[in-house]
Amino acid sequence: MIKILIADDQDLIRESLKIVLDTNRDMNVIGLVENGNKVLEFVKKNLPDIILMDIRMPELDGVLCTKAVKEKYPDVKIIILTTFDDDEYIYHALKYGASGYLLKGCSVQELTSAIHVVMSGNSILNHNITTKVIKIFHQMAQANFTIDVDERSVSELTRTEKNITHLVGNGLSNKEIAEKLFLSDGTVRNALSSALSKLNLRDRTQLAIWAVQTGLAAKNELN
């Protein structure tokens, strides 16, 4: 059973999401809170598997709350669910450890699917958000923000790991990468984990930025 906490400052949104999600046999909404401080209080007593987090909330917003939760409870998954798709929000939410970013206009099916994807260890982005994320990566690659990687580590990457990194840099999900490379989801996850380990990078976001900075993401053809 997936234990879900919903954080949103609008009563109607919280109650509506609870009704929708509780219809799934494998999901149980265990809490409804209206701001980031309430999230932190709740998580101390009732550890959820995943939090659906609004961005703009009073007292403590969703971005800073995401940072606080992930620092203390790194295993708790967070999906940002908001009406705002501002670049700065996207960047900071992903930077602090959010596993997904969806707009509130998404369908019920998209939301339930996103929860399952994130719980399986993958990330999810609304289609409208993906292009913004790629743009942010390119902007960061052209600025002073750099990801340093030992060149000897780069030479240790296998062809599959390089191809996967190329596609991560283009914003593809694990499922999309698996389909494009004719690999299983498990193979993609393992290769991605191996690439991160070899390059000594923390997460998928850093890998994507590195791929853009080095030009790996811009290659027209895979090896």
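This is a predicted model: local features need pLDDT of at least 70, side-chain atom pairs count only at pLDDT 80 or more; totals for chains, interfaces and linings use all residues.
Student: Which helix gives the largest share of the lining of the second largest pocket?
Tutor: The second largest pocket has a volume of about 180 Å³. Two elements give two or more residues to its lining, helix 5 (108-119) and helix 1 (11-21). The largest share is 4 residues, and the element giving it is helix 1.

Student: How many residues of the lining of the second largest pocket are nonpolar, polar and charged?
Tutor: The lining includes Ile 13, Leu 17, Ser 107 and Lys 104. The lining divides into 7 nonpolar, 2 polar and 1 charged.

Student: Is Asn 28 buried, partly exposed or exposed?
Tutor: Asn 28 is in strand 2 (residues 27-33). Among the residues it touches are Met 1, Lys 3 and Asp 22. Buried means under 20% relative accessible area and exposed means over 50%. Asn 28 has 32% relative accessibility, so it counts as partly exposed.

Student: How are helix 9 and helix 10 oriented to each other, roughly parallel or roughly perpendicular?
Tutor: Helix 9 (residues 174-181) and helix 10 (residues 185-199) have axes 9 Å apart. Their packing angle is about 110 degrees. Angles of 65 to 115 degrees count as roughly perpendicular. Helix 9 and helix 10 are therefore roughly perpendicular.

Student: Which residues in helix 10 meet helix 9?
Tutor: The residues of this contact divide into 4 nonpolar, 1 polar and 3 charged. Helix 9 brings Asn 174, Lys 175, Ile 177 and Ala 178. In helix 10 they meet Asp 185, Val 188, Arg 189 and Leu 192.

Terms used: Residues are numbered from 1 along each chain as its sequence is written. Side-chain values use heavy atoms; hydrogens and water are left out. On a 1 Å grid over the protein atoms alone, a cavity is a set of points where a 1.4 Å probe fits but cannot get out, and a pocket is an open set with protein on both sides within 12 Å along at least five of seven lines; lining residues have an atom within 4 Å of a point. Grid points are joined across faces, edges and corners, and a volume is the space filled by probe spheres set on the points. Ala, Val, Leu, Ile, Met, Phe, Trp, Tyr, Cys and Pro count as nonpolar, Asp, Glu, Lys and Arg as charged, and the others, Gly among them, as polar. Buried means under 20% relative accessible area, exposed over 50%, partly exposed in between (1.4 Å probe, protein chains only). Contact means heavy atoms within 4.5 Å. Axes are lines fitted to C-alpha atoms, for helices over the stretch in contact, and angles run from 0 to 180 degrees between N-to-C directions. Angles under 35 degrees count as roughly parallel, over 145 as roughly antiparallel, 65 to 115 as roughly perpendicular and the rest as oblique. Lists of a residue's contacts leave out its neighbours within four places in sequence.
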